[in-house]
Amino acid sequence: MNMEAKIRAALTEAFEAKTLEVINESHQHSGHAGDDGSGESHFRVRMTAHGFDKLSRVARHRAVHAALGPLNDQIHALALELS
């Protein structure tokens, strides 16, 4: 399973997402710091989920990072657009 699929699976399990996009942006960072050559180092997540409207921006980000657990150590950059 590639990293995009792992991220999607972890977030689907943790949240009742109304919408979920996991975008691999690694190709935009080829040769930059943090590029490990795997093509799976930089991601953007766009998600709307039930209950997010009751959380602050920081709490949403913390919830996503908690849901990703050990995957956080395998991702160099993660941009989050949560609502």
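I began with Ile 23, which lies in strand E1; helices (H or I, at least four residues) and strands (E, at least two) are DSSP runs numbered from the N terminus. I noted that the model is predicted, that local features need pLDDT of at least 70 and side-chain atom pairs count only at pLDDT 80 or more, while totals for chains, interfaces and linings use all residues. Residues are numbered from 1 along each chain as its sequence is written, and side-chain values use heavy atoms, with hydrogens and water left out.

Leaving aside residues up to four places away in sequence, I listed His 42, Phe 43, Arg 44 and Arg 46 as what Ile 23 touches, contact being heavy atoms within 4.5 Å. The C-alpha atoms of Ile 23 and His 42 are separated by 8.6 Å, and the two residues are 19 apart along the chain.

I then looked up the pairing of E1 with strand E2 (residues 42–49), which is antiparallel over seven bridges; two strands pair if DSSP finds at least two bridges between them. Leu 20 stands opposite Met 47 in E2.

Lastly I noted the sheet, which is open, has three strands in the order E1-E2-E3 and shows mixed pairing. Its edge strands, each pairing on one side only, are E1 (17–24) and E3 (77–82).
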